[in-house]
Amino acid sequence: MDRARGLSVRLKLTLSYAGFLMLAGVLLLAAVWAFLLRYVPDRAMLINPDVRPADGVFPIRSALLEVFAPRAAAVLAFLLAFGLLGGWLLAGRMLAPLTRITAAAGLAAHGSLAHRVQLPGRQDEFRELADAFDAMLERLEAHVAEQQRFAANASHELRTPLAVSKALLDVARTDPPSDTGELVERLHAVNARAIDLTEALLLLSRADRRTVTHEPVDLSLLAEEATETLLPLAERRGVTLETGGDIAPTTGSPALLLQLTTNLVHNAIVHNLPARGTVWVTTAVRPTAVVLTVENTGERVAPERAATLTERFRRGTDRVHTDHAGVGLGLAIVQSITAAHDGTLALTPRPAGGMRVTVELPARTPRRAG
């Protein structure tokens, strides 16, 4: 919003300092007048020669005023000049931290979010403001980075259904099928999955840890749906899927939580032994949480490497031999969805090889009757 240029804060403080100093000077001179000059007689009095030597006439009020007034005016002029100069220097020194904060805000406005004020000195109001501004820049930088990761995640996840649709259409164009019903059904299923995934990703882009639309969800049902969907992939790779566990009621976005479960099961199938691998998908209930655990067989993974697998574009192809390594965004999306549902994600290497991925979400509190 455009506003007319006003006086700077430094100039306002300078005028305030000078004004208070002038006021103090005037009050001091008024006190001198009220409590000293008022007792000086206004007529001449001869000094008693018996008391002290006769050295003239006792000063009268008018004579003192003639001497006092010019000097009082000179003192006030000095106070004014001193107040303006000292106030200007003092205001500049006091506002120096604010100048640094303003400069940092200007850099942030031009896109430089990595800059920090880092105001030195002891704690005071300006330091608190600088620290709060630094914390805000840190959160803003993390938010921008998260949006960039989201764009990469969205493109990665949407590429698969679009590629499948293109492949089906290319095959149909080169070799038109006699029965188009199966082709239409497959295209419809792929298109529906792409639409659901797009809506879920858009929901994730608008969501934070507290604003996800929560609906009753049973993680055990989502685990069964994910394993049934990915069963053909597991059979092609010679991987056995085993599911089990308790009913795990929680709240959240069904589309996002299904995507989370599907990503975990898909990763467990893809990053597995070349033959005769196994994937275990289980759900459990704790006093205040529900737990989804996905384990798989495979080669041993170092703990320090397991801690980096949720980073975007972190591939797992060096762990096992596979022809479907992806681009390393599956677990990054799982982590984002887990955080959006106030949950925790833990990746633990299995001693015998493979990984154990545990997602813990808040349990759904049953409604009280009445």
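**Close-up views of the predicted model**

**View 1. Strands β1 and β3 pair with each other.** In β3, the residue that Glu215 faces as its bridge partner is Gly252. This view, like those that follow, is taken from a predicted model. Strand β1, residues 215-218, and strand β3 pair in the antiparallel sense, and four bridges link them. In a regular strand, side chains alternate between the two faces of the sheet.

View 2. Eight helices and seven strands are found in the protein chain. Of its 370 residues, 34% are buried. When contacts between residues at least 6 apart in sequence are considered, 70% of them join residues that are at least 24 apart.

**View 3. Five strands form an open sheet.** The strands of this sheet follow the order β2-β4-β5-β7-β6, and their pairing is mixed. Strands β2 (239-245) and β6 (344-349) stand at the edges and have a single partner strand each, so one side of each is left without a neighbour in the sheet. From one strand to the next, the twist averages 15°. Within the sheet, strand β5 (residues 289-296) and strand β7 (residues 355-362) run antiparallel and are joined by seven bridges.

**View 4. Helices α5 and α6 cross and are in contact.** The axes of helix α5 (residues 219-236) and helix α6 (residues 254-270) come within 9 Å and cross at roughly 40°. This crossing of α5 and α6 is right-handed. On the α5 side the contact includes Leu222, Ala223, Ala226, Leu230 and Leu233, while on the α6 side the residues include Leu257, Leu258, Thr261, Val265 and Ile269. Sorted by class, the contact of α5 with α6 has 12 nonpolar, four polar and one charged residues.

**View 5. Helices α6 and α8 also pack against each other.** With their axes 9 Å apart, α6 and α8 pack at an angle of about 145°. The crossing in which α6 passes α8 is left-handed. Helix α6 contributes Leu256, Leu257, Gln259, Leu260, Asn263, Leu264 and Asn267 to the contact, and helix α8 contributes Gly330, Leu331, Ile333, Val334, Ile337 and Thr338. By class, eight nonpolar and five polar residues take part in the contact of α6 with α8, and no charged residues do.

View 6. Just after α8 comes Asp342, which takes a positive phi of about 60° although it is not a glycine. Asp342 is found in the loop between α8 and β6, and with a relative accessibility of 25% it counts as partly exposed.

**View 7. Arg276 lies in a loop and has a positive phi.** The loop that holds Arg276 is the one between α6 and β4. Although Arg276 is not a glycine, it has a positive phi of about 60°. Its relative accessibility is 78%, and Arg276 therefore counts as exposed, the cut-off being over 50%.

View 8. The structure holds one aromatic pair. It is formed by Phe78 and Phe82, which are stacked, with 6.0 Å from centre to centre and 20° between the planes. Because planes under 30 degrees apart count as stacked, the 20° between these two rings places the pair in that class. Both residues, Phe78 and Phe82, lie in helix α2 (residues 61-109), where they are four residues apart, about one turn of the helix. Phe78 is exposed, and its relative accessible area is 54%.

Terms used: Residues are numbered from 1 along each chain as its sequence is written. This is a predicted model: local features need pLDDT of at least 70, side-chain atom pairs count only at pLDDT 80 or more; totals for chains, interfaces and linings use all residues. Side-chain values use heavy atoms; hydrogens and water are left out. Rings of Phe, Tyr and Trp (its six-membered ring) pair if their centres lie within 6.5 Å; planes under 30 degrees apart count as stacked, over 60 as edge-to-face and the rest as tilted. Helices (H or I, at least four residues) and strands (E, at least two) are DSSP runs, numbered from the N terminus. Buried means under 20% relative accessible area, exposed over 50%, partly exposed in between (1.4 Å probe, protein chains only). Two strands pair if DSSP finds at least two bridges between them. Axes are lines fitted to C-alpha atoms, for helices over the stretch in contact, and angles run from 0 to 180 degrees between N-to-C directions. A crossing is left-handed if the near helix is turned anticlockwise from the far one by less than a right angle, and right-handed if clockwise. Contact means heavy atoms within 4.5 Å. Ala, Val, Leu, Ile, Met, Phe, Trp, Tyr, Cys and Pro count as nonpolar, Asp, Glu, Lys and Arg as charged, and the others, Gly among them, as polar.
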